[in-house]
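User: I have a model open and some packing to sort out. Can you walk me through it?

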Amino acid sequence: MVGPSSSHTAGAVRIGKVARMLLGAEPKHARITLHGSFAATGSGHGTDKALIAGLLGMDPDDMRIPDSEVIAEKQGLEYQFHTKNIRGAHPNTAVIQVDDGNGKQVHLQASSIGGGRIRVNGIDGIQVDFSAESPTLIVNNEDRPGHVAAVTSILAEADINIATLTLNRGKRGGKAIFVTETDLDIPRSVVEKISRIPGVLKVTYLNV
């Protein structure tokens, strides 16, 4: 990793990269809100540069991380940093609102919990809880019966074992997010098959 801190730097890079992967496009605008220790000491530990580096697609060991702000300017990524006290959040928490300039956007809340590890706490206003350390499938869908059964059936047909499975929703009958972490890599063909399930709005596969 590129230091100085595994939690404030390496973890922050991973948070930024997860936001980029959820967006599924080249980010053009980002509003980043820092909470707790990220807000108080993040600048001295390079948290701001690390989050930008992740949004640019860098990994925690990328030697370009200290220059991420210069690279962002060259690539046309505009960003703003803010601070806010987020009730009940982990001290090392960032909220990233990012868009691609063409209509795609993502709202992510995630925390760096030490040793470069992270927990994703929220996506697009819906509470979630996963680490992104193992292959992770995120399905945005309409809140109606049958989606969990359809997704798990497709994974079972592909002989992919589920490690964890959670389902959260914003409100009854609205939008829901189904997150499953698996033991094995999920082939692109399986992800595409899941994306064709009626009522599925978006499928994101993370393997960081």
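This is a predicted model: local features need pLDDT of at least 70, side-chain atom pairs count only at pLDDT 80 or more; totals for chains, interfaces and linings use all residues.

Analyst: The axes of helix H5 (residues 147–157) and helix H6 (residues 188–195) come within 10 Å and cross at roughly 155°. Helices are DSSP runs of H or I, at least four residues, and strands are runs of E, at least two, numbered from the N terminus. Axes are lines fitted to C-alpha atoms, for helices over the stretch in contact, with angles from 0 to 180 degrees between N-to-C directions. H5 is therefore roughly antiparallel to H6 (angles over 145 degrees count as such).

User: Which residues make the contact?

Analyst: Val151, Ile154, Leu155 and Glu157 of H5 meet Val190, Lys193 and Ile194 of H6; contact means heavy atoms within 4.5 Å.

User: New topic. Is Thr204 buried or exposed?

Analyst: Thr204 counts as buried because its relative accessibility is 5% (buried is under 20% relative accessible area, with a 1.4 Å probe and protein chains only). Thr204 lies in strand E10 (residues 200–206).

User: What does Thr204 touch?

Analyst: Not counting residues up to four places away in sequence, Thr204 touches Met21, Leu22, Thr136, Leu137 and Ile138.

Technical notes
Residues are numbered from 1 along each chain as its sequence is written. Side-chain values use heavy atoms; hydrogens and water are left out. Buried means under 20% relative accessible area, exposed over 50%, partly exposed in between (1.4 Å probe, protein chains only). Angles under 35 degrees count as roughly parallel, over 145 as roughly antiparallel, 65 to 115 as roughly perpendicular and the rest as oblique.
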